[in-house]
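Thanks for coming, everyone. Let me put the structure on the screen, and then we'll walk through it.

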Amino acid sequence: MVSKEKLKELRLFAADIRIAALEEFKAIGVGHVGGSMSICDLMACLYGGVMRIDPSNPRWEQRDRFIMSKGHAGPAMYAALALRGYFDREELLTLNRPGTRLPSHTDCNRTPGVDMTTGSLGQGFSTALGIAMGCKKKKLDSYVYVLLGDGECEEGQIWECAIFAPAKGLTNVIGFVDYNRLQICGTLEEVAGLSGIGEKFAAFGWHVVDVADGNDVEQILEAIDRAKEAADKPSMIILNTKKGKGCSFAEDVFNHNMPVSAEQAEEAIAALEAYKAGLMA
Amino acid sequence: MKIICAKNHEPGAREMRAVYAQSVVKLIEAGEPVLVTDADLMRAIGVLPYKEKYPDNIFDCGIAESNMIGVACGLSAEGFIPFTHSFGTFATRRVMDQVFMSGAYAKMNVKMLGSDPGVCAALNGGTHMALEDVAMMRAIPEMTIVEPTDAVMVEDLIPKIAHTYGMFYIRMCRGKAETIYEEGSEFDIGRAALLREGGDVTIIAAGREVVEALQAAALLEKEGKDESANYEFSGGVFSGSCRGASGPDGADRHTGQVRRSRPGRRAQGALRSDGGGHRRRGPEGRLQKVKRECIGQCPV
């Protein structure tokens, strides 16, 4: 049972991640807002206590690994990393600028705390499984967390991974699907007819945990606990999220990759600050 | 680099695949962090008999080449040295984006074997003939292409490839290849060997083409161009290797920089300036550099 204090801390952390990500988008004026905002609560859980990490030693051998297979949500990850001290928060304002260490999609050779280069959908999942296999071979007790987009699950490579992980006993893998049901050209069902992602993973031999509200840190933490209990299988946690969650100008509009004006960003940040004040009251 | 040319070019006693399998297994037995994986073609490449004995090092990914490359890249990130294998077509065309992004762009350390490239696919037909694999892999700045010529070269190069960090594409036929080098020959990745001296025509060849090139030289000799020179690149025909091997400094193999600049152009340039039909006015100095590496002359 997680304490109320801890939950409050994580909710505040999630709001801070959203604010920091919005500052990134504001600085460059455009970005993958929707899919970044939808996962900020997961980022808060992972980087706010779930993962065994040492920000002063990003390559620490004993660390838990995280692979952002939906690489376009890099800005949310960068926000969490900066707030945890992997690098200065000011660096967030260099997102996508020439020479930045924070490219649009995550890059393990540029950014402290990024474990694998991603961006071409489907590939991060395979590399995560290789990392998980490597950890097992090295007898490390690290967990390997990997985040998939729901639209990403249209890639065939995802289902090659779905076969591979249970077959190879990669019980140290805990995956997440950001199931916000929207992709660039419409809903998942409209674009390619993909549905029932959780059922599909279960059929492939995964331990599947369905999270009714994937933007609720309490439910996310509970799901991760349940995933760890199922020690005989890799786990896939289905996070039913809202694309653009917590960002006043992005919810309920096309938000995959959108322009962000300074006014919009400031307004959204003010709303998040007000939400934080409410939490602290 | 120590080249001992074989007296005749009879097919070798050992199949290339058997030597490959033995070479990677030897690395495993030496305790190296080498892993060998495949897309359901272990039987075809001769690794299958070792799988049971080394289950921690040898595993199958199934007919899922994209995942295989990704898994290998992840293992590389954890410090392992994975060797992957499929037929040349599926080792390159099918997984180009995985090789590029998860492997080369991420600066990983995966050794990818593509077997039976080009016409070596033989009875498997046109669908299985990788004729564009070199062109594709060459376009990737971080990639080194190696095309072993015979069993002696496979045996010598596999440990060197394992011990050289970076992405490698190894293309070779599975069966017996004509013996070009005697046992005891040693090769450098990216360094050319001069197999036959001459001044009229320069032929640059790699892999299976080497024996063909030597035969072509013999034909040319009969026609009156009696001084042909055959080069073979132990590092393959890759641009950087090619230039490094035949450039002004024969020892220059800092191919990474060269490749990153303009790979295609470098390759063409290298071939033009050093092999493009030069006659007496050919780059003598460059030839001299390479000559010193060769301690034997191939019979024609």
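Start where the chains meet. Between chain B and chain A, 12 residue pairs are in polar contact, both residues at pLDDT 80 or more. A polar contact is a pair of N or O atoms within 3.5 Å; within protein, one must be able to donate a hydrogen and the other to accept it, and residues adjacent in sequence count only if both atoms are side-chain atoms.

Which elements of chain B supply at least two residues each to the side that touches chain A? They are β2 (58-60), α4 (65-77) and α6 (96-105). Helices here are DSSP runs of H or I with at least four residues, strands are runs of E with at least two, and both are numbered from the N terminus. α4(B) gives the largest share of that side, nine residues. By class, the side has 13 nonpolar, six polar and six charged residues. For those classes, Ala, Val, Leu, Ile, Met, Phe, Trp, Tyr, Cys and Pro count as nonpolar, Asp, Glu, Lys and Arg as charged, and the others, Gly among them, as polar.

A word on the ground rules. This is a predicted model, where local features need pLDDT of at least 70, side-chain atom pairs count only at pLDDT 80 or more, and totals for chains, interfaces and linings use all residues. Residues are numbered from 1 along each chain as its sequence is written, chains are lettered from A and ligands numbered from 1 in the order in which they are written, and side-chain values use heavy atoms, with hydrogens and water left out.

Back to the interface. Chain B puts 25 residues into the contact, and chain A puts in 26 residues. Contact means heavy atoms within 4.5 Å. Together the two chains bury about 2000 Å², with 57% of it on carbon and sulfur atoms. Buried area is the accessible area (1.4 Å probe) that two parts lose on being put together, summed over both. Three residues, Asn67(B), Glu78(B) and Met101(B), supply 31% of the area that chain B buries against chain A, more than any other three residues.

Keep an eye on Glu78(B). Two salt bridges cross this interface. A salt bridge is a side-chain nitrogen of Lys or Arg within 4 Å of a carboxyl oxygen of Asp or Glu. Arg65(A) makes one with Glu78(B), with the closest N and O atoms 2.8 Å apart. Glu78(B) also belongs to a salt-bridge network with Glu61(A), Arg65(A) and Lys138(A).

Now salt bridges within the chains. Is Lys276(A) buried or exposed? Lys276(A) is buried, at 12% relative accessible area. Asp16(A) is partly exposed at 21%. The cut-offs are under 20% relative accessible area for buried, over 50% for exposed, and partly exposed in between (1.4 Å probe, protein chains only).

Next, Arg52(A) and Asp141(A), at 2.6 Å between the closest N and O atoms. Arg52(A) sits in the loop between α3 (40-50) and β2 (65-68), Asp141(A) in the loop between α5 and β3 of chain A, 89 residues apart. Arg52(A) is partly exposed at 30%. Asp141(A) is exposed at 53%.

On to the cores. A nonpolar core is a set of buried Ala, Val, Leu, Ile, Met, Phe, Trp, Tyr and Cys residues joined through side-chain atoms within 4.5 Å. The largest has 122 residues, and those with the most contacts inside it are Met43(A), Leu46(A), Tyr47(A) and Phe201(A). Helix α1 (residues 4-28) of chain A brings the largest share, 11 residues. Leaving out residues up to four places away in sequence, Met43(A) touches several residues, including Phe13(A), Ile17(A), Phe66(A) and Leu147(A). A second, separate core of 47 residues includes Ile28(B), Met42(B), Val47(B) and Leu113(B).

Lys139(A) has a positive phi, near 60°, and is not glycine. Lys139(A) lies in the loop between α5 (123-137) and β3 (144-149) of chain A, and is exposed at 74%. Asp116(B) also has a positive phi, near 50°. Asp116(B) sits in the loop between β4 (111-115) and α7 (133-138) of chain B, and counts as buried at 10%.
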